[in-house]
Amino acid sequence: MTSESLPALKTDRATLLARLAKAGTWDLAIVGGGATGLGVALDAAARGFSVVLVEANDFAKGTSSRATKLVHGGVRYLAQGNVALVREALHERTTLLKNAPHLAQPLPFVMPSYKLWETPFYGMGLKMYDALAGKAGLGATEFLNRQQTLACLPTARQQGLKGGVKYWDGQFDDARLALALARTAATRGALLVNYCGATGLLHDQGKVTGLTCRDTETGRPFELKARCVINATGVWVDDLRKQDGQAIGREVRPMVAPSQGVHVVVDREFLPGDHALMVPKTADGRVLFGVPWLGKVILGTTDTPRGDLPLEPRPFKEELEFILTESGRYLARAPGPKDIRSLWVGLRPLVKPQGEEGEETKGLSREHTVLVSRSGLVTVTGGKWTTYRAMAEDVLEKVFAKGLLARSKPGVTADLPLVGAAGLPAQPTPLSAAPGPHMYGGEAAQVAALPGHRRQLGGGLTEAMVRFAVRHEYARTVEDVLARRIRLLFLDARQAAQLAAEVGAILLEETQVDPKAAEFRELAARYLQMPV
């Protein structure tokens with residue numbers, strides 16, 4: 001089965017499942033539809049390999065839709081001395097901004113200084129950040145006086161303000177970027193199916209030969225033969241690794257230590273303008289961001305270990321208190337619980353200091369790790385959104401090195417525009433603007449051609465956008481639309497709940513399947529619930 005022999009792309013559910021049921025052997029079968037799995041699918045499909053990817057929930061349902069929305073090299077990693085990670089991330093930042101300009105854009109940050117030494121100290125570090133970026137830099141770091149700082153951050157706390165430092169990084173729409181990766185991979189022949197969870201691995205003489213999966217909507221089982229199976233399930237990779245270990249009689253040691261990051265969303269009045277706030281060292285030594293995004297402001301984040309792996313993690317009381325208290329130290333008006341429009345949490349798959357093959361690391365790694373078990377199961381976890389493309393190349397390099405597939409030349413995705421990148425105006429609408437047709441990039445006209453393009457539902461969502469989400473963006477439920485196709489759950493959970501019935505009615509008309517509107521309203525209520 002080659003990409004050339006696959007039928008023209010169709011996104012209706014019946015067509016996807018019909019392709020899934022076809023006999024044959026895929027080159028790669030990928031489990032996990034987050035940033036990493038989708039990145040591998042695109043890279044492999046672009047090289048001409050036959051690729052199938054299954055995801056138990058919706059694409060980017062987990063960690064990959066809950067990032068701090070920054071495309072960055074990692075200023076704090078530079079402070080830790082991890083120059084190699086920062087250099088790679090800065091290079092990948094430029095590549096991402098070039099290939100998806102409608103979904104990822106440069107963003108100026110300002111670091112206010114309340115002590116005389118802060119401006120020169122942090123400014124020199126950021127000058128080093130610029131130097132590492134080289135030609136991939138987005139703009140030069142600037143030292144600001146008090147007036148210049150307030151011009152960029154008009155709602156910064158004025159008492160004691162000495163000045164600041166302005167530097168450049170990037171921001172993005174994570175869930176829509178994941179969707180663009182999936183759809184771009186599909187144009188290259190990959191088969192991607194959400195709501196179809198892997199139920200087990202296939203083995204033959206101690207080697208992985210494929211996997212079994214089940215369609216969530218119908219319960220229909222499938223068996224997929226593959227030359228190589230990729231485990232890209234993020235914080236949940238150990239589940240599949242344990243299944244593999246049991247099948248071949250080997251003990252598997254967990255490789256993921258999850259950490260959670262909490263994000264608080266408030267109105268733009270707390271941070272108007274197009275500059276983000278960055279605090280490099282809060283009272284307890286953590287980093288705080290205030291990021292203008294899709295008409296709101298995201299405040300965060302935390303870094304708290306947790307021992308369980310819930311699909312919908314909730315914040316701890318002390319995490320919320322930290323964000324609100326520290327924000328109040330740097331903003332003229334401190335946000336309170338009543339100002340919160342949405343409260344959400346993402347889990348990070350930090351890699352434990354041990355490897356299946358006896359590889360030891362020091363502490364919990366922020367970098368990605370690729371392991372190949374004795375059966376040939378390839379597991380990848382860790383890393384961050386900014387470096388998804390480099391991670392995909394590393395995974396395939398490991399696959400080639402282990403002889404699972406014939407080697408292919410890398411770099412095919414470095415200059416590969418994602419769906420929607422073509423046909424943009426010279427100055428795309430900034431990501432700080434409220435949701436609207438601009439989110440679709442060059443596909444905005446296709447959305448406008450669908451029924452209901454003039455019918456506004458609220459929050460920037462039109463009836464046509466809901467229909468486009470079903471017909472071209474794999475959406476099946478109200479949550480898919482309101483959480484990840486148009487990011488309203490993450491922006492204003494109360495308004496999202498109010499739109500559930502209308503969105504559900506359109507979905508039901510399009511799919512004839514229960515859109516789960518009631519379940520979504522319950523979920524939205526949790527995004528407004530304060531921890532106790």
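Threonine 301 sits in the loop between β14 (296-300) and β15 (304-305), and a cis peptide bond ties it to glycine 300, with omega at about 5°. That's one local detail in a predicted model that has 16 helices and 20 strands. Here's a quick tour, from the overall build down to single residues.

**Overall build**
- The protein has 532 residues and a radius of gyration of 23 Å, which agrees with the value near 24 Å that a compact globule would have.
- Take the contacts between residues at least 6 apart in sequence: 71% of them join residues at least 24 apart.

**Surface and charge**
- Some 60% of the 532 residues count as buried.
- The accessible surface comes to about 20600 Å², and carbon and sulfur atoms account for 53% of that.
- On the charge side there are 65 positives and 55 negatives, and their mean positions are 3 Å apart.

**Nonpolar cores**
- In soluble globular proteins, nonpolar side chains tend to be buried together.
- The largest nonpolar core here has 73 residues.
- The residues with the most contacts inside that core are Leu20, Leu28, Val51, Leu192, Leu211, Ile230 and Trp385.
- What does tryptophan 385 touch, leaving aside residues up to four places away in sequence? Its partners are Ala35, Ser64, Ala67, Phe172, Asp174, Leu177, Ala178 and Leu181.
- There's also a second, separate core of 40 residues, with Ala464, Leu489, Phe490 and Ala500 among its members.

- Alanine 60 isn't a glycine, yet its phi is positive, near 65°.
- You'll find alanine 60 in the loop between β2 (51-54) and β3 (70-71).
- Is alanine 60 buried or exposed? Its relative accessibility is 2%, so alanine 60 counts as buried, the cut-off being under 20%.
- Tyrosine 474 is another non-glycine residue with a positive phi, near 65°.
- Look for tyrosine 474 in the loop between α12 (463-472) and α13 (478-485).
- Tyrosine 474 counts as buried because its relative accessibility is 3%.
- For the cis bond, go back to glycine 300 and threonine 301: β14 covers 296-300, and threonine 301 is in the loop that leads on to β15.

How values were computed
Residues numbered from 1 in each chain as written. Predicted model: local features only at pLDDT ≥ 70, side-chain atom pairs only at ≥ 80, totals over all residues. Heavy atoms only, no water. Helix = DSSP H or I, 4+ residues; strand = E, 2+ residues; numbered from the N terminus. Rg over C-alpha atoms; globule rule 2.2 N^0.38 Å. Buried < 20%, exposed > 50% of the residue type's maximum accessible area, 1.4 Å probe, protein only. Contact = heavy atoms within 4.5 Å. Areas by Shrake-Rupley, 256 points an atom, 1.4 Å probe, with all protein chains shown as cover. Lys, Arg positive; Asp, Glu negative; His and termini not counted. Charge placed at Lys NZ, Arg CZ, Asp CG, Glu CD. Core = buried A, V, L, I, M, F, W, Y, C linked by side-chain atoms within 4.5 Å.
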